[in-house]
Amino acid sequence: MSGKDDYYNRSKQQGYRARSAYKLKQLDEEADLLAPGDTVVDLGAAPGGWLQVAAEAVGEGGTVVGVDLQRIEELDDHEVETIRGDMTEERTRHYLREAVGAGGADAVLSDMAPNMTGEYSLDHARSVHLARQALDTADELLAPGGDFVVKVFQGQDLDPFRDDVSESFQYVRTVSPPASRDSSSEVYLVAKGYTTSP
Ligand code: SAM
């Protein structure tokens, strides 16, 4: 059994809904994203592995809001608000703004992924489209100094997208967490320190 399959077994043993929970744990360890009391937005949150990790990290004094096209079953151990909707639609973004409130978010996370067609360039383009929706959402919701994490499939539009992200943050790094499968073309852009000044 490979080390990667271990993440699936660990997620079952440790009560996480998805092995992807370990990707967020690794991103958080590397980039220090989540802190007690934070307000965290999780885009593409079903079935809820990242929601569990985020809720554990922010604790009772924090707020976690998750959005997905799919219904997200309530978490047993944590209070998390979930919205069922499409992040490409203004209606969903409206509900999300209401849920986050005037204080804004400390972190906007996106693990959104398109339905895969198997056609590399199409899947890449659709992934970048979702990532741009996430960046727009981060622009709407992040408080100054906030952080943004977004999954993108590698391809020709990744560098221009990364350049656009870097315009609004102190720095951006491209991270491949060990829990990502070897066969996956996904990377995560980790952008720290949201700033509205040029
Ligand atoms: N991070 C999640 C976890 O730990 O459980 C796994 C997320 S899964 C890889 C990607 C999710 O993105 C899917 O549940 C999918 O429904 C969602 N998604 C894709 N396009 C979306 C959109 N336009 N709006 C909202 N969610 C979307």
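From the N terminus on, the elements of the protein chain follow the order α-α-β-α-β-β-α-β-α-β-α-β-β. This amounts to six helices and seven strands in what is a predicted model. The radius of gyration is 16 Å, close to the 16 Å that the globule rule gives for 198 residues, so the chain is as compact as a globular protein of that length. Along its principal axes, the C-alpha trace spans about 50 × 40 × 30 Å.

Further totals describe the chain as a whole. Buried residues make up 50% of the 198 residues. Of the contacts with a separation of 6 or more, 63% are made by residues 24 or more positions apart. The accessible surface comes to about 9900 Å², and carbon and sulfur atoms account for 42% of that surface.

The phi of Asp32 is near 55°, a positive value in a residue other than glycine. Most residues other than glycine have a negative phi, and most peptide bonds are trans. Asp32 is exposed, because its relative accessible area of 57% lies over the cut-off of 50%.

The next loop, between β1 (39-43) and α3, contains Pro47. The peptide bond that leads from Ala46 to Pro47 is cis, with an omega near 5°.

Helix α3 covers residues 49-58 and is mostly covered, with eight of its ten residues buried. The buried residues of α3 are Gly49, Trp50, Leu51, Gln52, Val53, Ala54, Ala55 and Val58. Just after α3 comes Gly59, which takes a positive phi of about 75°.

Helix α4 (residues 90-100) and helix α5 (residues 120-141) meet at an angle of about 35°, and their axes are 11 Å apart. The crossing in which α4 passes α5 is right-handed. On the α4 side, the contact is formed by Arg93, Leu96, Arg97 and Val100; on the α5 side, by Gln133, Asp136, Thr137, Glu140 and Leu141. By type, the residues of this contact divide into three nonpolar, two polar and four charged. An α-helix has 3.6 residues a turn, so residues three or four places apart point the same way. In α4, Arg93 and Arg97 are among the residues that meet α5.

Strand β5 (residues 142-153) holds Lys151. Is Lys151 buried or exposed? Lys151 is buried, because its relative accessible area of 9% falls under the cut-off of 20%. Not counting residues up to four places away in sequence, Lys151 touches Ser110, Asp111, Met112 and Ala113, together with Ser127 and Ala131, and also Glu186, Val187 and Tyr188. Lys192 is 41 residues from Lys151 along the chain, and the C-alpha atoms of the two are separated by 15 Å.

Which residues does Ser168 touch, not counting residues up to four places away in sequence? They are Asp139, Gly193, Tyr194 and Thr195.

Note on methods. Residues numbered from 1 in each chain as written. Predicted model: local features only at pLDDT ≥ 70, side-chain atom pairs only at ≥ 80, totals over all residues. Heavy atoms only, no water. Axes fitted to C-alpha atoms, helices over the stretch in contact; angles between N-to-C directions. Helix = DSSP H or I, 4+ residues; strand = E, 2+ residues; numbered from the N terminus. Left-handed = near helix turned anticlockwise from the far one by under 90°. Contact = heavy atoms within 4.5 Å. Nonpolar A, V, L, I, M, F, W, Y, C, P; charged D, E, K, R; others polar. Rg over C-alpha atoms; globule rule 2.2 N^0.38 Å. Buried < 20%, exposed > 50% of the residue type's maximum accessible area, 1.4 Å probe, protein only. Areas by Shrake-Rupley, 256 points an atom, 1.4 Å probe, with all protein chains shown as cover.
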